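Reader: I have a model open and want to learn how to read it. Where do we start?

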Amino acid sequence: MPRKIIIDTDPGQDDAVAILLALASPEDITLLGITAVAGNVPLELTALNARKVCEVAERPDIKVFAGCDRPLAHSLVTAEHVHGKTGLDGPDLPAPKMPLQDAHAVDFIIETLRSEAPGTVTLCALGPLTNIATAFRKAPDIAERVQEIVLMGGAYFEVGNITPAAEFNIYVDPEAADIVFKSGTPITVMPLDVTHKALVTGPRNDAFRALGSHAGRTVAAWTEFFERFDKEKYGSPGAPLHDPTVIAYLIDPKLFQGRHVNVEIETVSELTRGMTVADWWGVTDRPANAMFMGDLDADGFFDLLTERIGRL
């Protein structure tokens, strides 16, 4: 049976590729809806971008909901310096024709988890965790109904990409991340330790373009825009394709390796705010609360991604 999922996202070129991967994989995934959150760019743009991506996949039937426009406790930090002023800079995409749903994203998450059978809906978090934490606060009963939360965020060996200690998604709303990691819900984390090994090199990007489809050319254009920042920053041969690892894990978990460890979120320190303190070596007696991934089969990941994008 395909896994029922909600994608919570702040598109973002890599978020967009993750959405396309989910839509191209109906035998593995049933996408119940997309909830937009403020993150890479403000909410107005993330909700717009999510609909643009659905139309690239020719799926205007997907329901997209706008959610929280700011973090729980602090001002919004965005990443136009990485993703461009629209969040989806690169290809010139038309304004979407499909509507934004009237309901709030948080209410959609709550109502879906209450209406579906317990343990049958996975939350795929590709951005800050504000929507999910707000849903857990508003309706504490839903946390135990979630099958799993699979999220892109955090880091251990790769430390931070927005501060020396913090990864962007967690840094934007560490209070929300703290709520989620303390919820008791099964959590799988795709940190920078994994995503920095998922590099869109020249040949891998050529493979997207060689698909010859609108989706393939669009993905190539997104990643070409996206990579300029990371190649300059890290001196790497390509940009990390962060968010599609979340969807790839649901399709083929054998691509990934990790450890079930304790993860705590730093919310107080000015120096390390937003840090994911992962007890990778088991040096504390704090109970494990997350499967924290540390490695992936990069070739297998890109083979899967290219094959599935080729279906669109």
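**Reading the model, feature by feature**

Author: Helix α11, residues 244-251, is mostly covered: 8 of its 8 residues are buried. Keep in mind that this is a predicted model.

Reader: Which residues in α11 are buried?

Author: The buried residues are P244, T245, V246, I247, A248, Y249, L250 and I251.

Reader: Now a single residue. Where is the place of N49?

Author: N49 sits in helix α2, which covers residues 43-56.

Reader: Is N49 buried or exposed?

Author: Buried means under 20% relative accessible area. N49 has 1% relative accessibility, so N49 counts as buried.

Reader: What is N49 in contact with, leaving aside its neighbours within four places in sequence?

Author: The contacts of N49 are P11, G12, V41, T86, G87 and L88.

Reader: On to the strands. In what order do the 8 strands form the open sheet?

Author: Read across the sheet: β3-β2-β1-β4-β5-β6-β12-β9, with mixed pairing. The edges are β3 (64-66) and β9 (256-261), and each of them pairs on one side only. Neighbouring strands of the sheet are turned by 25° against each other on average, direction ignored.

Reader: In what sense do β5 and β6 pair?

Author: In the parallel sense, over 4 bridges; strand β6 spans residues 187-190.

Reader: Which strands does helix α1 lie across?

Author: Helix α1 (residues 13-23) lies across β1 (3-9) and β2 (29-36). Its direction is at about 165° to β1. Another helix to check is α7, residues 174-181. Helix α7 lies across β5, β6 and β12, running at about 140° to β6.

Reader: Next, aromatic rings. What describes a pair of aromatic rings?

Author: Two values: the distance of the centres and the angle of the planes. A search of the whole structure finds 8 aromatic pairs. One of them is Y156 with W280, which is stacked: 6.5 Å centre to centre, with 25° between the planes. This pair links distant parts of the chain, 124 residues apart. Y156 is in the loop between β5 (146-152) and α6 (168-172), while W280 is in the loop between β11 (276-278) and β12 (290-296).

Reader: Are Y156 and W280 buried or partly exposed?

Author: Y156 counts as partly exposed, at 26% relative accessibility. W280 is buried, with a relative accessible area of 12%.

Reader: Why is the pair of F157 and W280 edge-to-face?

Author: Planes over 60 degrees apart count as edge-to-face. The planes of F157 and W280 are at 85°, and their ring centres are 5.9 Å apart, so the pair is edge-to-face. F157 is in the loop between β5 and α6, 123 residues from W280.

Reader: Which residues do ring pairs link into a cluster?

Author: Y156, F157, W280, W281 and F292.

Reader: Last, cysteines. What is a disulfide?

Author: A covalent bond between the sulfur atoms of two cysteines. Here, a search of the whole structure finds 0 disulfides. C68 is in none, and its nearest cysteine sulfur, that of C124, is 18 Å away. C68 is buried, with a relative accessible area of 12%.

Definitions and conventions:
Residues numbered from 1 in each chain as written. Predicted model: local features only at pLDDT ≥ 70, side-chain atom pairs only at ≥ 80, totals over all residues. Heavy atoms only, no water. Phe/Tyr/Trp six-rings, centres within 6.5 Å; stacked < 30°, edge-to-face > 60°. Helix = DSSP H or I, 4+ residues; strand = E, 2+ residues; numbered from the N terminus. Buried < 20%, exposed > 50% of the residue type's maximum accessible area, 1.4 Å probe, protein only. Contact = heavy atoms within 4.5 Å. Pairing = 2+ DSSP bridges. Axes fitted to C-alpha atoms, helices over the stretch in contact; angles between N-to-C directions. Disulfide = S-S within 2.5 Å.
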